[in-house]
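This briefing is intended to be read alongside the sequence and the coordinates.

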Amino acid sequence: MSVRLGFRLRDNVPYFSSDVFCFPLDCFGRHACVFGRTGSGKSTTAKIVLYELLRNGVSVLVFDRVGEFNVFDCGRVLVPGEGFRVAPLAFEGDDVVSGVESIVSLFNNFFFTTYFCPLSPLQARVLRDVLEGYYYRFSEIMKVSRLVEEIKVVQSRYSRVKGWVEGCEALVSRLYPFSKGVLAKVFDSSEDSLDRVLFDGLTIVDLSVLPTDEAKNFLTNIVCDRVYRLGKRLEPSNRLKLVIVVDEAHNVAPYIPNYIGVLEKIAIELRKYGISLITVSTRPTLVSKNIIANSNLIISHSLTSNEDIRLVLNYMVNELEQESFIPVLRTLNVGEALVQANLPEYGCRAIKVKVGLPEHEHVISARPRYIQKEEGEKVYDELSKVCDQIPAYVKRILYTIACSGENLTVKSLPISKRKLKEIAYTYNIIEVRGDKIILTEYGSKIARRLLAIK
Ligand SMILES: Nc1ncnc2c1ncn2[C@@H]1O[C@H](COP(=O)(O)OP(=O)(O)OP(=O)(O)O)[C@@H](O)[C@H]1O
Ligand SMILES: [Mg+2]
């Protein structure tokens, strides 16, 4: 039972040496990370590992943000809005109080990972009151559109109380998009089509059909939340049952000091139930340290940023060797990787590998099967184009500033002042004045569009 990753590379030995690099399935007992700059071969590596896992009879659940994993003959693709819907406000059991608490926690995770700030105590209270009020009266699962309406009622009822209008407005403006248009087909539902099928063979959640990063994050959080709950009900076991692949993981498991989201909870708590995580990302420094530190297998393709290289090497080689590995990581070709699987037969050393065997060729060269994307009711103007081009982490900063009433200090963001200035210069959407960050006029326009405030 092993995973064959590719050919081991040694100096002066060509790729097609018969030195196949493989590692036992046990390596997934403690999670895996795949890093590398854009285009270095991360997703291809993830696909090859996925192929190998399936060959070994392990079930795999993939969160596919760009629609590139649909290259396998087996398995099912869950296309949001086309037979695949979720009910974000559903809970298990009959206890309304703990059920509502689990929904509040789901929203808290979503807000934290997407907007860099959790629900405020007031927002959590409003959510709790509205949800409890509903579930004590009705047994049917509440829809997001109903939640938005009820928060609006609370907002107008307490319009004279300081802070309530803004707190409720931020909730409404973030949830409103999920209750309208294309997104309503996925999220505004009282039926949840997720079940144990997730633990059977290959399941790909095709997030690429969703128009916004927020929707992709929300759906990932919801599905992971369900997996976490289902996983905890399994019998503890040493057998690997499910591997969850999260591509572009910095979006859903970002590095926020002292924060434990649902993916971290899966990484920390579900190992003993046979559930493992593969996080894939371009920037290890942007990914949750809790996840990297709990990973036993690290596959790093080429990296360019010194910060990223040092962080990855910290987990791959001992301190004395780090300097000598910096040029190795910088000069890896596409598809080549440095792999640390902590294998005694290699003296626990990091190994250079050319990922892919001849048997994997069909996985490497396969084109994803096309899935019809819905255009929806989105008005595609200049501003939408700009919104699409802004990277997710910059959008998150925009949200945070917009939702903080523009009263934000540099220190409250997990990003350096130098980086903020670089963003200010590149995108002209924020200004850094001393310790304060404010939105430019252009930035406010974009933030309003992103928050869907009319
Ligand atoms: N192991 C490999 N063997 C051969 N070609 C590869 C290999 N890995 C990647 N490639 C080539 O490089 C291209 C980019 O790879 P891939 O999409 O996996 O990169 P990525 O790091 O996921 O990029 P992105 O950051 O854009 O998601 C692939 O289309 C493929 O042609
Ligand atoms: Mg990729």
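By class, the shell around ligand 1 consists of ten polar, three nonpolar and one charged residues. The model is a predicted one. In it, 14 residues surround ligand 1, and helix 1 (residues 42–55) gives the most to that shell.

**Ligand site**

- Among the 14 residues surrounding ligand 1, the closest are Thr-38, Gly-41, Ser-43, Thr-44 and Gly-335.
- The contribution of helix 1 to the shell around ligand 1 amounts to three residues.

**Overall fold**

- The protein contains 16 helices and 14 strands.
- Its radius of gyration is 23 Å, close to the 22 Å that the globule rule gives for 454 residues, so the protein is as compact as a globular protein of that length.
- Along the principal axes, the C-alpha trace spans about 75 × 50 × 40 Å.
- Of the 454 residues in the protein, 43% are buried.
- Among contacts with a separation of 6 or more, 73% are made by residues 24 or more positions apart.

- Strand 4 (residues 59–64) is largely enclosed by the rest of the structure, because six of its six residues are buried.
- In a regular strand, side chains alternate between the two faces of the sheet.
- In strand 4, Ser-59, Leu-61 and Phe-63 point one way, whereas Val-60, Val-62 and Asp-64 point the other way, and all are buried.
- Strand 4 runs parallel to strand 7 (residues 242–246), to which five bridges join it.
- Within this pairing, Val-60 has Val-243 of strand 7 as its bridge partner.
- Strand 4 also pairs with strand 6 (residues 202–206), in the parallel sense and over five bridges.
- Here the bridge partner of Asp-64 is Asp-206 in strand 6.

- Strand 12 is joined to strand 14 (residues 436–439) by two bridges, and the two strands run antiparallel.
- The bridge partner of Thr-409 in strand 14 is Lys-436.

**Ile-397 in helix 14**

- Ile-397 is located in helix 14 (residues 392–403).
- Ile-397 counts as buried because it has 27 C-beta neighbours inside 10 Å, the threshold for a buried residue being 20 or more.
- Leaving aside neighbours within four places in sequence, Ile-397 is in contact with Leu-413 and Ile-423.
- Ile-397 and Tyr-134 are 263 residues apart along the chain, and their C-alpha atoms are separated by 33 Å.

Definitions and conventions. Residues numbered from 1 in each chain as written. Chains lettered and ligands numbered in written order. Predicted model: local features only at pLDDT ≥ 70, side-chain atom pairs only at ≥ 80, totals over all residues. Near = placed C-beta within 6 Å. Helix = DSSP H or I, 4+ residues; strand = E, 2+ residues; numbered from the N terminus. Nonpolar A, V, L, I, M, F, W, Y, C, P; charged D, E, K, R; others polar. Buried ≥ 20, exposed ≤ 12 C-beta atoms within 10 Å, placed from the backbone. Contact = placed C-beta atoms within 7 Å. Rg over C-alpha atoms; globule rule 2.2 N^0.38 Å. Pairing = 2+ DSSP bridges.
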